[in-house]
Amino acid sequence: MATRDAASAKKSAKKAAPAKKAAPAPAKKAAPAKKAAPAKKAAPAPAKKAAPAKKAAPAKKAAPAKKAAPAKKAAPGKRIPGVKASAEFDSEFLAEQRRALQAELVRLTGQAARLEDEANALIEEAEMGDVQFDEESGEGDTMVVERERDLALSAQARQTIAEIEAALQRITDGTYGYSSVSGRPIPRERLEALPWTTVLVEEKVGGLGRR
């Protein structure tokens, strides 16, 4: 009985003990606000170096005036009456050569006629007895020499006239300007100097009429 009472008393004692107040949790100190990170200073953009002024391009030299293109020679296909072009000699060149040949033909024909007239006049004088052929005066001998000279020059002129006429025929035939020895073309410079020539310089041989 006494034991029960003791137990009851303990229980009562336990009940009577005030409940321990829960210790209030210490208030957490508010974390100090983080200082705002100082704004990074914008790195100053390095000033761009001013581009060096471009050197003024040197003034272009004025292009030299183009030389006027030489007049084109007449194409071989261009026809000129009485002229037949060939591989090396065009119609225009042959026409020029023909003009030169014709002019020389007129000159030599006149020269030959004049020389022949002079020779004939000397002969007539001798026949009329105006000149005494004696050894003392020598006048007769001088006349003979002059007459022979005139006849020789006239013959030479006639020979050249024949060569000129042959050259004019070759211009018509289309064979002008080629060597009669080798068939090779004669340089234009030689033809211009001697329009009736028929040979190259290295083929030239002596003798009247061979030029």
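Leaving aside neighbours within four places in sequence, aspartate 150 is in contact with Leu115, Glu118, Ala119 and Leu122, where contact means heavy atoms within 4.5 Å. This is a predicted model, in which local features need pLDDT of at least 70, side-chain atom pairs count only at pLDDT 80 or more, and totals for chains, interfaces and linings use all residues. Residues are numbered from 1 along each chain as its sequence is written, and side-chain values use heavy atoms, with hydrogens and water left out.

**The chain as a whole**

- The secondary structure consists of 4 helices and 0 strands; helices (H or I, at least four residues) and strands (E, at least two) are DSSP runs, numbered from the N terminus.
- Along the sequence, the pattern reads α-α-α-α.
- Of the 211 residues in the chain, 23% are buried; buried means under 20% relative accessible area, exposed means over 50%, and partly exposed lies in between, with a 1.4 Å probe and protein chains only.
- Among contacts with a separation of 6 or more, 53% are between residues 24 or more positions apart.
- The chain has an accessible surface of about 16,900 Å², and carbon and sulfur atoms hold 59% of that surface. Accessible areas come from the Shrake-Rupley method with a 1.4 Å probe, and for residues only the protein chains shown count as cover.

**Aspartate 150**

- Aspartate 150 sits in helix H3, which covers residues 139-173.
- Aspartate 150 counts as buried because its relative accessible area is 3%.
- Aspartate 150 also forms a salt bridge with arginine 149, and the closest N and O atoms of the pair are 3.2 Å apart. A salt bridge is a side-chain nitrogen of Lys or Arg within 4 Å of a carboxyl oxygen of Asp or Glu.
- Arginine 149 has a relative accessibility of 48%, so this residue is partly exposed, whereas aspartate 150 is buried.

**Phenylalanine 93**

- Phenylalanine 93 belongs to helix H2, residues 91-127.
- With a relative accessible area of 8%, phenylalanine 93 is buried.
- Apart from neighbours within four places in sequence, phenylalanine 93 is in contact with Tyr176, Arg188, Leu191 and Glu192.
- From phenylalanine 93 to valine 83 the C-alpha to C-alpha distance is 9.8 Å, and the two are 10 residues apart in sequence.

**Other salt bridges**

- By the rule given above, the count is 8 salt bridges.
- One of the pairs is arginine 99 with glutamate 96, whose closest N and O atoms are 2.5 Å apart.
- Both arginine 99 and glutamate 96 lie in helix H2, separated by 3 residues, about one turn of the helix.
- Arginine 99 is partly exposed because its relative accessible area is 47%, and glutamate 96 is partly exposed at 42%.
- A further pair is glutamate 202 with arginine 184, with 3.3 Å between the closest N and O atoms. This pair links distant parts of the chain, 18 residues apart: glutamate 202 is in the segment after helix H4 (188-193), and arginine 184 is in the loop between H3 and H4.
- Glutamate 202 counts as exposed because its relative accessibility is 58%, while arginine 184, with a relative accessible area of 42%, is partly exposed.
- A network of salt bridges links Arg184, Glu202 and Glu203.
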